[in-house]
Amino acid sequence: MPTSDTHPSESRSDGAAADVVRVDMQVDGVAMVQLLGPQDRLLKAVEKQYPDVRVLVRGNEVVLEGPSDAVRRARGLVDELVSLVRGGHDLAPAEVETSARVLDGGQSTPSAMFGDPIVSGRGKAIRAKTPGQREYVDAIDEHTITFGIGPAGTGKTYLAMAKAVQALQRREVQRIILTRPAVEAGERLGFLPGTLTDKIDPYLRPLYDALNEMMDPEIVPKLLAAGTVEVAPLAYMRGRTLNDAFVVLDEAQNTTPEQMKMFLTRLGFGSKMVVTGDVTQIDLPTGASGLQLVTRVLGDIDDIHFSRLTSDDVVRHTLVGRIVDAYTTFDAERQAQQHARSEASDAARADQSPRGTR
């Protein structure tokens with residue numbers, strides 16, 4: 001959809017190449033600088049999405065030339081990108097790819113899907129960047145308990161913590177509680193120097209880092225000291241009732257079924273819970289994962305939602321999405337081979353068993 005600052009004009013070539021068109025789009029100077037990005041990488045990303053379209057930049061003019069259908073789609077993408085940068089969105093090539101996918105799907109527009117920032121701090125606005133992330137964030141608003149399940153880089157924990165900070169700033173809750181299991185604690189913690197807090201701190205460090213990105217680092221220690229924000233291992237949750245709190249359980253694939261039940265039953269009045277995890281990265285030495293079991297046990301209960309993120313929702317380097325897909329394919333093939341070997345072994349034992357016994 002055209003923006004007030006983008007003025008396209010279209011011309012069509014004659015003869016055999018009648019389906020080749022050219023569109024000239026005028027973009028204001030500020031938006032053009034943001035639209036180009038470092039080394040013109042954003043417009044290069046547009047060319048990558050539509051290889052048949054030639055993209056040229058002349059001053060404040062963007063020229064699109066190529067097959068009419070491809071140019072039409074590229075023009076729509078450029079219009080949306082201009083709307084996003086003027087709305088304060090910090091775009092990267094990954095957002096260009098996502099925007100093109102959203103527009104081609106025809107169900108929404110990137111500017112409508114990304115929406116307003118969840119929180120803004122330290123010059124950075126945190127918001128959903130993919131359709132899957134948008135569904136996840138909306139589910140957190142609409143449900144008391146939300147599970148975010150997906151591979152690395154999909155923003156499961158980061159967005160959950162952003163929603164927690166937002167809820168605290170809006171005074172919807174009185175405190176934030178962030179927790180995760182210290183799976184590798186076991187006997188090896190005894191060999192680490194320092195107090196118990198010193199020993200478990202490395203397992204909680206990712207939560208502290210994300211918190212410092214979303215809030216003023218000078219305020220965070222004060223909130224921690226006052227108990228307004230608590231970062232603690234999962235074992236510290238036993239026996240508590242968590243009222244008026246936004247509670248985030250990270251790395252939930254490393255909980256046992258008993259730990260998961262214990263955590264979920266801590267829910268108190270006026271609280272929300274978000275549980276995040278990746279079932280392909282289970283580090284438990286033995287036994288089933290509580291995250292795997294809970295999807296079967298609680299799947300039909302109202303006010304509990306399961307958001308499943310995929311490689312399409314990875315917002316790290318684009319290579320991460322391809323790595324996730326490669327490992328998913330490898331794991332599926334390995335499981336199929338193991339199943340085939342198991343069936344062959346069962347068949348062989350059946351053939352060797354005595355027959356016709358009386």
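Trainee: Why does leucine 291 count as buried?
Mentor: Buried means under 20% relative accessible area, exposed over 50%, and partly exposed in between, using a 1.4 Å probe and protein chains only. Leucine 291 has 0% relative accessibility, so leucine 291 counts as buried. Bear in mind that this is a predicted model, where local features need pLDDT of at least 70, side-chain atom pairs count only at pLDDT 80 or more, and totals for chains, interfaces and linings use all residues. Residues are numbered from 1 along each chain as its sequence is written, and side-chain values use heavy atoms, with hydrogens and water left out.

Trainee: Where does leucine 291 sit, and what is it in contact with?
Mentor: Leucine 291 is in helix 11, residues 290-297. Helices here are DSSP runs of H or I with at least four residues, strands are E runs of at least two, and both are numbered from the N terminus. With contact meaning heavy atoms within 4.5 Å, and neighbours within four places in sequence left aside, the partners of leucine 291 include Phe147, Ile149, Thr255, Met260 and Gly277. Glycine 277 is 14 residues away from leucine 291 in sequence, and their C-alpha atoms are 7.4 Å apart.

Trainee: Is threonine 255 buried or exposed?
Mentor: Buried: its relative accessible area is 0%. Threonine 255 lies in the loop between strand 10 and helix 10 (257-264). A polar atom of its side chain is 2.7 Å from the backbone oxygen of alanine 252. Beyond four places in sequence, the contacts of threonine 255 include Pro181, Leu234, Leu284 and Leu291.

Trainee: What makes a nonpolar core?
Mentor: It's a set of buried Ala, Val, Leu, Ile, Met, Phe, Trp, Tyr and Cys residues joined through side-chain atoms within 4.5 Å. The largest one has 33 residues, and Leu178, Leu211 and Phe246 have the most contacts inside it. Helix 7 (156-169) and strand 8 (175-180) are among the elements giving two or more residues to this core, and helix 7 supplies the largest share, eight residues. There's also a second, separate core of 32 residues, including Val23, Val53, Val85 and Ala100.

Trainee: Why is the pair of arginine 72 and aspartate 69 called a salt bridge?
Mentor: The term asks for a side-chain nitrogen of Lys or Arg within 4 Å of a carboxyl oxygen of Asp or Glu. For arginine 72 and aspartate 69, the closest N and O atoms are 2.6 Å apart, so the pair meets the definition. Both residues lie in helix 3 (residues 68-86), three residues apart, about one turn of the helix. Arginine 72 is exposed at 52%, while aspartate 69 is partly exposed at 41%. Asp69, Arg72 and Arg73 are linked in a network of salt bridges.

Trainee: How many salt bridges are there?
Mentor: Ten in the structure. Another is aspartate 138 with arginine 134, at 3.3 Å N to O, both in helix 6 and four residues apart. Arginine 134, at 18%, counts as buried, and aspartate 138, at 30%, is partly exposed.

Trainee: Why can we say that glutamate 230 and arginine 240 tie parts together?
Mentor: Their side chains meet in a salt bridge at 2.8 Å, N to O. Glutamate 230 is in strand 9 and arginine 240 in the loop between strand 9 and strand 10, so the pair ties together parts ten residues apart in sequence. Arginine 240 is partly exposed, at 22%.

Terms used: Polar contact = N/O pair within 3.5 Å; in protein donor to acceptor, adjacent residues only side chain to side chain.
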